[in-house]
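Hi there,

Here is the structure I promised to pass on. Have a look at it first, and my notes follow below.

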Amino acid sequence: MTSTGQDSTTTRQRRSRHNPHSPPHDSSVTSRGVKKGALLHSSPSLAELKKKGRMKKLSQAAEQDLVVGLKELDVNLEAKTLSGTGLVFDEQLNEFHCLWDDSFPEGPERLHAIKEQLIQEGLLDRCVSFQARFAEKEELMLVHSLEYIDLMETTQYMNEGELRILADTYDSVYLHPNSYTCACLASGSVLRLVDAVLGNEIRNGMAIIRPPGHHAQHSLMDGYCMFNHVAVAARYAQKKHAIQRVLIVDWDVHHGHGTQFTFDQDPSVLYFSIHRYEQGRFWPHLKASNWSTIGFGRGQGYTMNVPWNQVGMRDADYIAAFLYLLLPVALEFQPQLVLVAAGFDALQGDPKGEMAATPAGFAQLTHLLMGLAGGKLILSLEGGYNLRSLAKGVSASLHTLLGDPCPTLESPGAPCPSAQASLSCALEALEPFWEVLVRSAETLEEDFLEEENVEKEEEGPWQPPALPIPMWPVLQARTGLVYDQRMMGHYNLWDNHHPEMPQRVFRIMRRLEELGLAGRCLTLPARPATDAELLTCHSAEYVGRLRATAKMKTRELHREGSSFDSIYICPDTFACAQLATGAACRLVEAVLAGEVLNGTAVVRPPGHHAERDAACGFCFFNSVAVAARHAQAVSGHALRILIVDWDVHHGNGTQHIFEQDPSVLYISLHRYDHGTFFPMGDEGASSQIGRATGTGFTVNVAWNGPRVGDADYLAAWHRLVLPIAYEFNPELVLVSAGFDAARGDPLGGCQVSPEGYAHLTHLLMGLANGRIILILEGGYNLTSISESMAACTRSLLGDPPPLLTLSRPPLSGALASITETIQVHRRYWRSLRAMKVEDKEGPSSSKSIPKKLTQPANRGSAVGMTAPDGNILDADAGKATSASSMEVATPDQAKSETAVVELSQDQTSEAPPGEATADQTPSEAATGGATLDQTIVESATVGATPGQTTSEEAVGGAAVIQTPPALCTDNQTPPASPAQGATAQIAPSKLTENLRTLDLNSEAQEAPESQMAEEEGLLGEAARGQDRDDSVLIQSFGDHANADQVMFYAVTPLPWCPHLVAVRPIPESGLDVTQPCQDCGTLQENWVCLSCYQVHCGRYVSAHMLQHHEVSGHPLVLSYVDLSTWCYNCEAYVHHQALLDVKNIAHQNKFGENMPHSH
């Protein structure tokens, strides 16, 4: 199977590019399931053994092969674990400021605020302090030109007037006699941490420095930045330390275009930026900041941009971008070092970012990155201009680097529709280049929004009342460990080789002791579970029945065990099961009391198959379920508990116990094999979602075959488990930690490695303030379970997850299983709606039947054809553009994100070879012309004469319009940019001259502007806010378009848009189509907002509905004139079943009858 929209050739190219030795996609093969404990490759003669739950012991040769295989997986956990977080903080970095503007936001007070916060929280003393050093010229020349460096060096000797003249030739910078020295010191600080991390002196580090650096380009100051610290550090790591792959993550609210331009042709550096964009209206106003810019040449696919197109983005939006895009690609890329351009201007309260992220959110992002590159992670301070927010953000990230648990997010929620749109487009653009982004071949249905009980999207961006302050627990110990040798007393009287053998827990404990892990844990004494605890999940009759087995004779025990499914019982069974469950409860008590942060329960017999009144599948008491109920009893309220069950068998007992309880979210990943794998039946199917108030809180990922491995489980984590978990926001995480999906297990037939389990554990540790407990379930290869539990324990202890090499992408069968579960649960979890949904009908907002396609121009972009006389500042950011940018289109660039007609899937707009058109006024419309603003070419003059400005507005930059996600089709290729700085530099005057002399398509006939305006008005949506000729297609009956030819129009609405979740229930009072505009009282051309149901007039009256949208962010409005629905965010009409109710009520109010066709 191949992914949707990918043919076999594309798949082969992707594989050979990233992992030429990876095997072909292996469809999950289904093997008929049997009783638990049966061999996968068995003969009919073993039928009786299957019934009794027995197995043959692995041969000595097979055992040896497994050990060799595990060694090849680099699971030598005895290797020394690095510890310590490095910190560079030098007071010399405060010795410069703006001489002529005391209010300039980038000032010394930023570092003062950070220092005070770190001292207050005692963080400075916990870090390994490093002295800052100066970066040498040779090191700076890894990124910057010598001429530029020399010019900056001369600023040390300039007076204030000369400094100001030179600064004015750049964009949004100031210069001070100490600027050069401090910039060299800032770059050198990051290099010092690179040496320390790669030299194994420390695990990770943070450079608290200024000035920032990520806007600085090869020969250009820009946006407060002189030298690009993270870019220099990446090149330095490659040159000095022979690092081959570097990941740069830029979470500053401004796009780090300087860093992007440095590496956009380089496949050895993966660049990821998540930033405010607002369709190009936010600084730096570059189309290169949009999702469609993905690098070019050999670097194509190695630039990842997630543009935010509205303010107020929250933690959930940032986390979704990491889960759906960054982490999967990073795991495939396999970086050896992670550098973060750590700006904190996206925090709540920052005057420039205007976002709503919290310090706890940045702690989460830091934690997620700590799972990469063996934990080799360096944060370099960039922006952040609210002093309190900045200090708290730096503190939160530093806490996380030090190993402190991530604070619980106060209101995580799910990504907003705008974030979903940006992510959808970014995924679409990058999918051809990364195997891990491939979607299931089964196209996801779009009807999940049609259900009546779909949770509605909240109104507008969430704004917390104040910056939430994270709390950091004071712990006596980090990880608790509970084990009792008495649990080995449960054994099979009739078969010494039964897979659920006493040696399982003994071998795990021995391995933990050998590796010194047990000694690093706080050992807690086990205790038997009380009857009261057992009765929270089991019936009194069943508990009494099991208690009675302690006095039974052998024959009675055999008969009693045979009455259950896959069960053996011995005289000590009841006591061992009671002890296993009590041990889990003891660990819960320790975690909730703050005695430990997290813990591991090495217990047996397992528990997750045990039902309320029946033993099943080696299980007697459901330890995880009882522990969950005990946690709620101890806390005194319905504690939100997440139970993750990664045992290879479905936890039928746990599911049944909680299937009506919304306080417990149960997620199971297991082999299902279409109902033929133990425990068999349909209980483990994806369609099992819980009942009554618990509907949606049972989540089953059902693998339908063997060989499921690390790539498949991680794909499930990124796409499904973690998005739901963050939205649920648990207060405690319990893991049914069976290791029978481990490589080498005789029952599971799967291939999860110890490293894979370590990564799964690490990712879950970001939840519930780090309160997570692993409780042993299955796992029947003694070597596999010992190494796997050791790997998980190391993660709990705070060690970075080991390097994980994915030998293949996710199996197509596994992707199908994940997709199936997502499809079922989208109606219950808004976080799952960020996944890509194919537009089966093909995108189009308006159509005609043209012989030739005319691409109308953006009416507002004509001003971009001449360079402005001076800098055009963004009022919010206080920054101006730094490049005079234009775009050169090639004939094979099919996707246009400019303000033009959106073509359907089988249409392309191509220019004749060698021809391109500028942004055209209506009188200059050219048939089939490609616009210049499709790729960005930097044009900057260095060493300009005093008074000459090199900061010019990007051509058309402020009028960039993002293609709606429904228009991101697989047969369209995002435009790529030519090398920034590798092209000839163009003077602004020359650029203007070139634009004016472009040869426009001679076949296009000029139309009077008034005529074009009238035609635009015929099709334009009356409430929208942009003068865009993006809905006109000219029907020509001859070879040329003549002014007197007849024009035919047809407006085809989008069949779906991602903002339908914003539609709220109709008020009880209904609708009144005669209601006047609430602002001006007009009765002409009014619209009703489908989120708050306020009524305002359209743009051709007083544009009050447009103003309402800009203030509230509500995307969908309904016309009281013709009952059409318009989406501001998609800039298109929308017709979908979710809109039929409100349209029908409006129709009844307007005409006194139902709509004639409600389909």
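**A buried aspartate and a covered strand**

Asp 90 is buried but has no salt bridge: Lys 115, the nearest side chain of opposite charge, lies 9.5 Å away. Please keep in mind that this is a predicted model. For a salt bridge, a side-chain nitrogen of Lys or Arg would have to be within 4 Å of a carboxyl oxygen of Asp or Glu.

So what does the side chain of Asp 90 make a polar contact with? The partner is the side chain of Gln 131, at 3.1 Å. Beyond its neighbours within four places in sequence, Asp 90 is in contact with Gln 131, Ala 132 and Leu 185. You will find Asp 90 in the loop between strand 1 (85–88) and helix 4 (109–120).

The other spot I looked at is strand 15 (residues 732–737). Here 6 of the 6 residues are buried, so the strand is largely enclosed by the rest of the structure. In a regular strand, side chains alternate between the two faces of the sheet. In strand 15, Leu 732, Leu 734 and Ser 736 are buried on one side, and Val 733, Val 735 and Ala 737 are buried on the other.

Strand 15 has parallel partners to show you as well. Strand 12 (residues 641–645) is joined to it by 5 bridges, with Ile 641 partnering Leu 732. Strand 16 (residues 772–776) also pairs with strand 15 in the parallel sense over 5 bridges, and there Val 735 stands opposite Leu 774. From strand 15 the chain passes through helix 24 (residues 754–764) to strand 16, a right-handed β-α-β crossover.

Happy browsing!

How values were computed
Residues are numbered from 1 along each chain as its sequence is written. This is a predicted model: local features need pLDDT of at least 70, side-chain atom pairs count only at pLDDT 80 or more; totals for chains, interfaces and linings use all residues. Side-chain values use heavy atoms; hydrogens and water are left out. Helices (H or I, at least four residues) and strands (E, at least two) are DSSP runs, numbered from the N terminus. Buried means under 20% relative accessible area, exposed over 50%, partly exposed in between (1.4 Å probe, protein chains only). Lys and Arg count as positive and Asp and Glu as negative; His and the chain ends are not counted. A polar contact is a pair of N or O atoms within 3.5 Å; within protein, one must be able to donate a hydrogen and the other to accept it, and residues adjacent in sequence count only if both atoms are side-chain atoms. Contact means heavy atoms within 4.5 Å. Two strands pair if DSSP finds at least two bridges between them. A crossover is right-handed if, with the strands pointing away from the viewer, the path from the first strand over the helix to the second runs clockwise.
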